[in-house]
Amino acid sequence: MQEVTVQPGAAPPLRLEKKTRSSELKKRLWRNKWLYVMLLPGVLYFIIFKYLPMYGLIISFQNYKPYQGIFGSEWVGFEHFKRLFTEPEFFNILWNTIVLFALNIFIYFPIPIILALMLNELRGNFFKRIFQTLVYLPHFMSWVIIVSISYVMVTMDGGIINELLSYFGFEKINFLLSNGWLRPMYIIQVIWREAGWGTIIYLAAIAAVDPGLYEAARMDGAGRMRQVWHITLPTIRGVIITLFILKIGHVLDLGFEHVYLLLNSMNRQVGEIIDTYVYTAGLRQGQFSYSTAIGFFKSIIGLIMVMLVNRISKKMGEEGVY
Amino acid sequence: MKKKSFSMLLTVLLAFSLVLSACGGGEKSKEATADPTPAPSNSNEEVSTAPEEPTEITIMLPLNTSETPPDTIKKEVEKLTNTKLTYQFFPADTYEEKLNTSFATGSLPQVTYLKNSTTFVQMKEAIKDGQFWEIGPLLSEFPNLNKLKPEILNNTKVDGKLYSLYIGRPLARQGMIYRKDWADKLGLSAPANVDELFEMAKAFTEQDPDGNGQKDTIGIVDRNELVYGAFKTVSAWFGTPNYWGTKDGKLEPEFTFEGYYDTMDFFKKVRESGYMNQDFAATSKTDAVKMFTSGKAGMYIGGSMQDIDSLHKDLIKNVPEAVLDTHSMVAGPDGNFAQWMIPGYNNIVLFPKSAVKDEAELRKILAFFDKMMTPEVANVMYWGIEGVHYTVVDGKAKPSSEKELIEREVKGYKDSVIGEAETNGMYESYNELPGRIHAEELLLENVKVGVADPTAALDSVTYMEKGVELQQIITDATYQYMYGQIDKAGFEKAVSDWKSRGGDKIIEEFNAAAK
């Protein structure tokens with residue numbers, strides 16, 4: 001590929017070179033035409049479903065009334081953002097969101113990796129398959145089901161866990177209605193539902209590790225743990241980091257449905273997150289502009305976090321996602 | 001080669017443009033159906049000459065069952081009213097969202113049912129803005145619509161103008177449904193006052209009313225709902241006003257009144273003593289009902305007493321010897337009776353200007369509702385088809401024993417019948433269960449001591465904007481108080497929080513509107 005430099009003021013050569021450049025481009029385009037055709041649906045998808053709807057963000061700077069439309073509504077500038085930041089509950093809500101997110105990153109995130117490593121060590125295909133299917137299954141249950149099963153298990157009115165506690169002479173614990181138990185319940189349910197599903201990509205990455213490496217390590221007398229530590233983990237490091245960055249991008253997407261189902265008057269103090277707040281304050285009262293402003297704020301934080309982590313990972317010599 | 005690839009690209013583009021134009025075309029075709037008849041034919045309103053074209057009407061409404069009903073009832077109604085109806089059912093649980101998004105995209109159909117009075121409050125701003133047809137002046141043209149009760153119509157007026165038709169409900173249906181067999185066994189009579197109510201909860205818990213030798217029953221079962229659970233009903237018994245009350249000639253919210261605190265103390269005591277389900281703040285309606293119908297709990301308070309039929313049906317599957325009864329006359333500490341009342345409707349119908357093009361079209365739609373208020377049509381929509389879904393006994397409708405069939409085919413339409421039996425002439429229900437017959441008597445008794453919400457017909461801008469969000473503060477504090485997490489000072493702090501975050505304005509605005 002040759003660099004084309006353009007001299008300012010040199011008209012005739014410029015035209016000439018432009019021509020060669022454009023024909024070069026044409027040629028290249030033509031050579032890879034099928035790749036572009038294949039790319040087209042993806043590009044269109046992003047334009048139609050991701051970029052075009054962004055114009056809706058305009059309403060976060062308006063007092064949007066559905067019947068007046070985007071063009072008819074009154075402009076209010078940063079009014080809704082001001083309301084959000086001055087809301088006495090705001091920092092509490094933000095903190096709750098961050099805590100749940102941290103639980104997701106520090107407790108949930110490593111679990112699929114560990115599970116994948118363990119699955120990988122299982123001998124016997126039959127057993128392995130059965131086990132895999134079993135850990136995948138909860139992913140296909142909706143949050144309503146997961147939360148209802150938990151409710152039946154931990155309720156104080158005849159739930160099995162509290163019955164066991166009292167049988168062994170312990171105090172009953174009010175899991176459902178306490179500030180202290182909301183977060184543990186949340187993260188346990190996330191692990192229950194998602195951990196098995198999360199192993200899929202790691203298992204694929206592990207399967208791609210060259211078996212020769214293990215053989216060589218065994219020759220050198222490395223045991224199981226050594227092999228995992230020195231071969232498996234380093235080879236799937238790239239995958240782990242990519243998934244980590246993507247996870248960070250969803251920094252504030254903690255699953256509205258899940259948290260909303262767990263929420264009640266007794267644990268709202270620690271359980272109200274941005275998503276649930278948008279629902280009660282915004283959508284249920286039809287305050288579209290305010291809800292949009294909050295969603296906008298959330299996306300900006302997500303974007304900043306992704307850029308930050310991406311840069312850090314590049315500094316550390318890893319490949320980022322872009 | 002070249003040609004082939006080009007045509008391929010073209011195909012892809014074409015496919016996409018088709019998808020796009022399909023989206024765009026949808027709206028156009030909808031507009032076309034919205035105004036099907038050419039102008040001349042609907043300018044004059046005679047029915048005499050040649051069979052008139054059926055009016056096409058699209059209706060959006062909440063659905064309280066799990067599946068969309070089949071066309072059985074719809075076809076019958078179409079025949080009776082000379083219409084072609086398109087019903088758009090949406091699950092009641094998420095109806096507000098559907099309503100808001102349809103409204104935002106300008107795709108509300110000609111006839112739009114709301115969900116309840118709360119959604120009505122949210123729509124008021126748009127109504128004031130002239131997004132819906134005012135029907136007040138036209139009402140007198142329709143003899144049947146004219147029968148609708150003026151006092152209830154008044155409650156649905158916005159700025160003194162009428163925009164909607166209402167779906168009527170008895171003013172005060174709530175009370176308690178309790179295990180008569182347990183009470184008889186323990187020698188208790190229906191609680192005459194709140195102290196006896198507590199004693200009954202205690203006896204049902206401690207005296208082994210089901211006689212299995214184990215202490216595995218509770219007195220009261222409640223759920224995570226202050227208004228439609230037990231709390232509001234009991235608070236009325238304690239003399240708390242209905243949402244708003246007058247204190248020193250000024251409107252104040254219910255939670256500043258003595259009765260509200262008494263009610264919280266009552267439930268706190270009941271819960272601490274173990275006479276009710278401990279997790280009630282996290283218990284859903286389904287779970288609460290299950291607890292009652294499994295024979296674990298003795299009193300179900302706050303729901304409609306008319307629900308006794310369905311509770312009874314499920315309960316006797318588990319406990320064949322169970323006997324239920326209804327009760328609502330529980331006196332407060334001062335010996336007075338009181339019941340809170342709804343404003344007489346549980347839902348309303350609006351007619352968006354975006355879908356109903358002109359007054360002539362509106363008249364046609366109102367004509368459909370006018371026919372709905374005749375006994376023939378109302379009966380079909382409310383009870384179903386005679387001989388299939390119900391039979392007539394003593395001039396009253398007796399639902400068939402196939403409850404599932406009724407639930408599937410009729411229930412979806414039942415909740416959309418405007419007016420009430422007195423005004424639309426449909427059959428009253430024929431009851432066999434003694435508890436239900438008792439319930440019907442109590443409904444009338446309730447109204448005699450009923451307390452209305454003084455703000456029902458009033459407006460407050462701040463309430464519209466922030467009411468739900470602010471109410472959350474009070475709801476949370478109320479539960480926290482009942483669970484002993486905060487004390488009276490803590491609750492008062494929540495109230496002052498409510499006031500400073502906009503409650504003061506709400507009080508001010510309601511008081512200004514009341515003058």
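## Contact between the chains

Two residues are taken to be in contact if their C-beta atoms, placed from the backbone, lie within 7 Å. In this predicted model, the contact between the two chains takes 29 residues from chain B and 22 residues from chain A. On the side of chain B that touches chain A, at least two residues each are supplied by helix 1 (2–34), helix 4 (95–104), helix 5 (117–128) and helix 19 (461–482) of chain B. Helix 19 of chain B gives the most to this side, with 8 residues, and by class the side has 12 nonpolar, 10 polar and 7 charged residues.

## Overall form of chain B

Chain B has 20 helices and 15 strands, and its C-alpha atoms fill a box of roughly 85 × 65 × 55 Å along the principal axes. The radius of gyration of chain B is 26 Å, which agrees with the value near 24 Å that a compact globule of 515 residues would have. Of the 515 residues in chain B, 41% are buried.

## A mixed sheet and a helix across it

In chain B, 5 strands form an open sheet with mixed pairing, in the order 2-1-3-12-4. Strand 2 (83–91) and strand 4 (165–168) of chain B stand at the edges with a single partner strand each, so one side of each is left without a neighbour in the sheet. Strand 1 (residues 55–63) and strand 2 of chain B run parallel and are joined by 9 bridges; B:Phe90 in strand 2 is the bridge partner of B:Pro62.

Helix 13 (residues 359–372) of chain B lies across strand 1, strand 2, strand 3 (111–113) and strand 4 of chain B, and runs at about 60 degrees to strand 1.

Key
Residues numbered from 1 in each chain as written. Chains lettered and ligands numbered in written order. Predicted model: local features only at pLDDT ≥ 70, side-chain atom pairs only at ≥ 80, totals over all residues. Helix = DSSP H or I, 4+ residues; strand = E, 2+ residues; numbered from the N terminus. Rg over C-alpha atoms; globule rule 2.2 N^0.38 Å. Buried ≥ 20, exposed ≤ 12 C-beta atoms within 10 Å, placed from the backbone. Nonpolar A, V, L, I, M, F, W, Y, C, P; charged D, E, K, R; others polar. Pairing = 2+ DSSP bridges. Axes fitted to C-alpha atoms, helices over the stretch in contact; angles between N-to-C directions.
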